[in-house]
Protein chains: 2
Amino acid sequence: MEEASHEPSAEPEAVSIAGIRQAAARIGPHVHYTPVMTCRALDEMSGGREVFLKCELFQKTGSFKARGACNAVLLTPPECRDIVTHSSGNHAQALAWAASVKGVNAHIVMPHNSMAVKVAAVRDYGASITLCENTKSGRETTAAAVVSGHPLSTLIHPYNDPRVQCGQGTVGLELVQQVKEQTGGAGLDAVVVPVGGGGLITGVATAVKALCPGIRVIGAEPSKAADAFRSKQSGSLQGHDCEGMPDTIADGLRTTLGSTTWPVVRDSVDEIVTVSEEEIRLWMRVVYERMKLVIEPSAAVGVAALMSPRVRGMPQDVKRVGVVLCGGNVDVTLLQDLLAGDGNPLPV
Amino acid sequence: MEEASHEPSAEPEAVSIAGIRQAAARIGPHVHYTPVMTCRALDEMSGGREVFLKCELFQKTGSFKARGACNAVLLTPPECRDIVTHSSGNHAQALAWAASVKGVNAHIVMPHNSMAVKVAAVRDYGASITLCENTKSGRETTAAAVVSGHPLSTLIHPYNDPRVQCGQGTVGLELVQQVKEQTGGAGLDAVVVPVGGGGLITGVATAVKALCPGIRVIGAEPSKAADAFRSKQSGSLQGHDCEGMPDTIADGLRTTLGSTTWPVVRDSVDEIVTVSEEEIRLWMRVVYERMKLVIEPSAAVGVAALMSPRVRGMPQDVKRVGVVLCGGNVDVTLLQDLLAGDGNPLPV
């Protein structure tokens, strides 16, 4: 055993249940212990299972990303006064917020064509914004330049970082506990987790398999960005099968697995289920109509997977299924479109 | 003491803490124990108080009305197989649902110009619908005709009924308990409750004053439908000061106090605060933007009152304030309008 493992504030070298428990204690005072909600109508639509929705849309900054960002920022050494990342999405807001929790500076590199409302949200958390070309190299070069301009700065990757993964894993810790409480001890049989870069499912799978190895972990991906599905099928890490970024509506899931999330997806995730764009829109709307929850498309991917023939066909002894509603940051135009849709959303 | 008081299933003759506790036990298996949510941004906007939002938008049928309807329906005698009411709003859906819980028939009298989506929602719960003229006498005459056509039927008024009031009072029981748990025992100092016919505030005031007489109960009304405000000021029950129904956007609060809610408002409610239509729209939008909660205008009336100069001017020892977010049934067109509004909603 290494000496470092005696130090609870040490940076984790890889995601682990110990690191997740430490993250829970570290971020607990700052993040929301989000509610787990249920809905009889969704239970019926799922084919008679009991569905438990972990409402990360109500998390700080509107997504689970606040957890990982907070854990990572709080683990930076005291002399580090500048946090850097590149993101145009929920990680950008989360990191800007997390930096403000610690009282340090956030520098967010965002593509020059990011939506103005997202740039404004990041700025509202007090972050400095550097615009860059909307390419992988543009983002990385610009982020590297920002880092080199601030000698004691730290770059925090949105998912390929064990500090971040341990933070996201606290979703799994809470969900297992909450379902146990709500069912009088019966507990979860499966959990459905949306997969983009894999930070969330890496943390959640590590947590729930440690607490209860029998819980099935099901990843949910848009068919248009099914790199994790193809990676699992082939047994080796795959990129996207399209030029550039996939154009799925689920903007949080357009990225690919990373070098530290793929091994966990390979070894601890039971399967990956893919869903169509139509299903994502449908279930986003049904969840609003039936539960009054406005979820972002990436969260609807999890619900759509739950309702897919693949998951509906699972044995009936998979009785209690958790779904992580990963965020609620919806583009207003999209929401208006959905609300203007027809009045008969039910496919079952 | 009357013998009837030994019978826990007896119909209450007036709202009371005993009746509310019995209602909690009776409806507990059927309704949601709704979450209490907090938001740092709202705390700051309120002038530094701690705000606790009781999320009845997540209640069965989308509003607190499910509680009172369920309690009343479960208290009808076994031979009663037909429940009747007149309503075009949340009570209609709630009663239709509550009848289905008991397995009896619901007959809902709705004005012929009710919105089609609301009629469809009531029908979806399995109720029979009778359309009527959109006048007080039209509704009452038609409801009486429906009752006389079903010999063993019972009419359940939306608020002027102690069975209903006791059901709504369970909101207060839960809120007091939940805030105590979330604050490590410190507990509520005040609660803000929207006022229409007064069924909710009658139940909540009775509950919280019985549990903790020091909790201030503040009613919240649209200025356009301020009958409770004027009743409190004059010391006698007042109707509206306009012809017909007031045209406030808060459609759940257009009715006036009843003969059994006015005495409780007079004696147990500390004050009534009125808010403008503009404030209602503003806070509906802020609550969505900051908390991802889609609340109906009637619920926004409570938040607007919390943020009013009157409540902001209360002594700082009123530290922890509950607000009942009474429902989430929003007209889609209104929601689209609000989402299309400008990007700077903050008035403070």
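In the predicted model described here, Val84(B) stands opposite Leu155(B) in β6(B). This is a predicted model in which local features need pLDDT of at least 70 and side-chain atom pairs count only at pLDDT 80 or more, whereas totals for chains, interfaces and linings use all residues; side-chain values use heavy atoms, with hydrogens and water left out. Residues are numbered from 1 along each chain as its sequence is written, and chains are lettered from A, with ligands numbered from 1, in the order in which they are written.

Strand β3(B) and strand β6 (residues 154-155) of chain B pair in the parallel sense over 2 bridges; two strands are taken to pair if DSSP finds at least two bridges between them. β3(B) also pairs with strand β4 (residues 105-111) of chain B, again in the parallel sense, over 5 bridges. Asp82(B) has Asn105(B) as its bridge partner in β4(B). Together with helix α4 (residues 90-102) of chain B, β3(B) and β4(B) make a right-handed β-α-β unit; right-handed denotes that, with the strands pointing away from the viewer, the path from the first strand over the helix to the second runs clockwise.

Strand β3 (residues 82-86) of chain B is largely enclosed by the rest of the structure, because 5 of its 5 residues are buried. Buried denotes under 20% relative accessible area, exposed over 50% and partly exposed in between, with a 1.4 Å probe and protein chains only. In a regular strand the side chains alternate between the two faces of the sheet. Accordingly, Asp82(B), Val84(B) and His86(B) lie on one side of β3(B) and Ile83(B) and Thr85(B) on the other, and both faces are covered.

The open sheet that contains these strands has 4 strands in the order β5-β4-β3-β6 (chain B), with parallel pairing. Its edges are formed by β5 (128-132) and β6 of chain B, each with a single partner strand, so one side of each is left without a neighbour in the sheet. The pairing of β4(B) with β5(B) is parallel and extends over 5 bridges, with Ile108(B) opposite Ile129(B) in β5(B).

A further open sheet of chain B comprises 6 strands in the order β1-β2-β10-β7-β8-β9, and its pairing is mixed. Here β1 (36-37) and β9 (271-275) of chain B stand at the edges with a single partner strand each, so one side of each lacks a neighbour in the sheet. Within this sheet, β7 (residues 190-194) and β10 (residues 320-325) of chain B pair in the parallel sense over 3 bridges, and Ala190(B) stands opposite Val321(B) in β10(B). Helix α7 (residues 162-182) of chain B packs on the sheet and touches β1, β2 (50-55), β7 and β10 of chain B, contact being defined as heavy atoms within 4.5 Å. The direction of α7(B) makes about 135 degrees with that of β2(B); axes are lines fitted to C-alpha atoms, for helices over the stretch in contact, and angles run from 0 to 180 degrees between N-to-C directions.

In chain A, the 14 residues of helix α6 (residues 136-149) should span 20 Å at 1.5 Å a residue, and the end C-alpha atoms are 20 Å apart, which agrees; the expected span is 1.5 Å times one less than the number of residues. Gly138(A), Arg139(A), Thr142(A), Ala143(A) and Val146(A) are the buried residues of α6(A). They cover an arc of only 120 degrees around the axis, which puts them on the same side of α6(A), the arc being that of the directions from the helix axis to the C-beta atoms. On the other side of α6(A), Lys136(A), Thr141(A) and Ser148(A) are exposed. The cover over the buried residues of α6(A) includes β3 (82-86), β4 (105-111), β5 (128-132) and β6 (154-155) of chain A.

In helix α14 (residues 332-339) of chain B, the buried residues are Leu334(B), Leu335(B), Gln336(B), Leu338(B) and Leu339(B). These residues pack against α11 (277-291) and α14 (332-339) of chain A together with α11 and α12 of chain B.

Most residues other than glycine have a negative phi. Thr61(A), in the loop between β2 (50-55) and α3 (65-74) of chain A, has a positive phi near 65 degrees and counts as buried at 8% relative accessibility.
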